[in-house]
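Colleague: I want to learn how to read aromatic contacts in a model. Can you take me through some?

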Amino acid sequence: MPSLQDELLPSTPGKFKIEHRGHAVNRQFHRCFASTSTLFLWALFLVALTASYLSFQSFIDSGNRYFTASWGGIQWEKRVRDSAQVHRPDGLSVLVTGAAGFVGTHVSLALKKRGDGVVGLDNFNSYYDPSLKKARKALLQGQGVFIVEGDVNDARLLAKLFDVVAFTHVMHLAAQAGVRYAMENPQSYVHSNVAGLVALLEACKSANPQPAVVWASSSSVYGLNEKTPFSEADRTDRPASLYAATKKAGEAITHTYNHIYGLSITGLRFFTVYGPWGRPDMAYFSFTRNILQGKPITIYRGKNRVDLARDFTYIDDIVKGCVGSLDTAGKSTGSGGKKAGPAPYRIFNLGNTSPVTVPTLVSILERHLKVKAKRKVVDMPGNGDVPFTHANISSAQGQLGYKPTTDLQTGLKKFVKWYLSYYGYNRGKNVN
């Protein structure tokens, strides 16, 4: 049996061993050291195991992202190249952002029809019914236009597109639209209209060759300007909405990229675009829906009970301005992000030059729909809207050959015809 001298702890609680103290302490040290070493080794093992798991998980996640990506691969690249193929002498190869949007769809169709190469990019967000965007996509695909589903903020996707196709031009129409929605979701305007624009310009300035860039600004930049008609030389430093502020920021940003990197830039200030395949959030569109459904429509009026007025511009006229801008855009002068010389920087108003009051718009819709509207007239709230817009288009006329030809009466007749057909009223379904 072991003696008490061989025990580290006494058999009687409270008493400690004194004899052979050096040997006892030595044994205790070695045991502790052995215990500590074992714990250290276990800790190393656990760390290694955790690192291995995380690395494996990262590999799995990367693989999942790769296999679930909506772009990339040999077949995808072939579709992009085929869509970008030019079918006329001296034709353009154009990347159209926001291609499943209202203006983007019409511009893409016009370019493809005349033999230009067109590749679309759209994120199909849910700002308004995505099914309408999907229907536009189907329309474009039927004409041989391939739309890449992705976000303009995706730098890797943009770099890939420019790697696959040497685009001669970019028609940048992707944006967060709408004046009033900015009060609900301001971040989306910064994300799309500022960050998205910068991401696209970064891709363009790094491309070799650099494309010429035509992009959609807005008549909203004129803000609280009271001088009419609005001219490109008028002040634009008093925006009335966040949407307008982001578009004004876009004009400053594009000027910077033109100055530093030699990008050819053309900004287009659209004035209240309307027509078939339009945006459901626009007044003429929602008025049509509510009139047909027997619901009241809200008509805003300005100070002193003055009717609001807009320079309504038909989509076909806007398309002519967009295509004219692409055709007359000078070349970018940079290469691989380095500027070789000055490049064109232009801004144009694209409007109809004939403002019409909102009550008059409603009256025209009533005639075409053959239904009386239930009008509710209220004072305009402070939501960023402006009382009137009126475009001076002399610069666009002189440099682009721009000449609007469709008045509101004719344009709304075409829109109503499309609306009734698209939503099934002509078939008695009333599916809207």
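Modeller: We will go through ring pairs, a cluster and charges over rings. Keep in mind that this is a predicted model.

Colleague: How many aromatic pairs does a search of the whole structure find?

Modeller: The search finds 30 aromatic pairs. Take Tyr-222 and Phe-271. Their ring centres are 6.2 Å apart and their planes meet at 35 degrees, so this pair is tilted.

Colleague: Which parts does the pair of Tyr-222 and Phe-271 tie together?

Modeller: Look at where each residue lies. Tyr-222 is in the loop between β5 (212-216) and α7 (242-261). Phe-271 is in the loop between β6 (265-270) and β7 (273-274). The pair therefore ties together parts 49 residues apart in sequence.

Colleague: Is Tyr-222 buried or exposed?

Modeller: Tyr-222 is buried, and Phe-271 is buried too. Now turn to Tyr-419 and Tyr-425. Planes under 30 degrees apart count as stacked. Here the angle is 25 degrees, with 6.3 Å from centre to centre, and the pair is stacked.

Colleague: Why does Tyr-425 count as buried?

Modeller: The cut-off is under 20% relative accessible area. Tyr-425 has 17% relative accessibility, so it counts as buried. Tyr-419 has a relative accessible area of 0% and is buried as well.

Colleague: Which residues form one aromatic cluster?

Modeller: Tyr-419 and Tyr-425 are in it, and other members include Trp-277, Phe-312 and Trp-418.

Colleague: Which lysine lies over the face of Tyr-128?

Modeller: That is Lys-133, at 4.6 Å from the ring centre. Lys-134 lies over the face of Phe-124, at 4.2 Å from that ring's centre.

Definitions and conventions:
Residues numbered from 1 in each chain as written. Predicted model: local features only at pLDDT ≥ 70, side-chain atom pairs only at ≥ 80, totals over all residues. Heavy atoms only, no water. Phe/Tyr/Trp six-rings, centres within 6.5 Å; stacked < 30°, edge-to-face > 60°. Helix = DSSP H or I, 4+ residues; strand = E, 2+ residues; numbered from the N terminus. Buried < 20%, exposed > 50% of the residue type's maximum accessible area, 1.4 Å probe, protein only. Lys NZ or Arg CZ within 6 Å of the ring centre and 35° of its normal.
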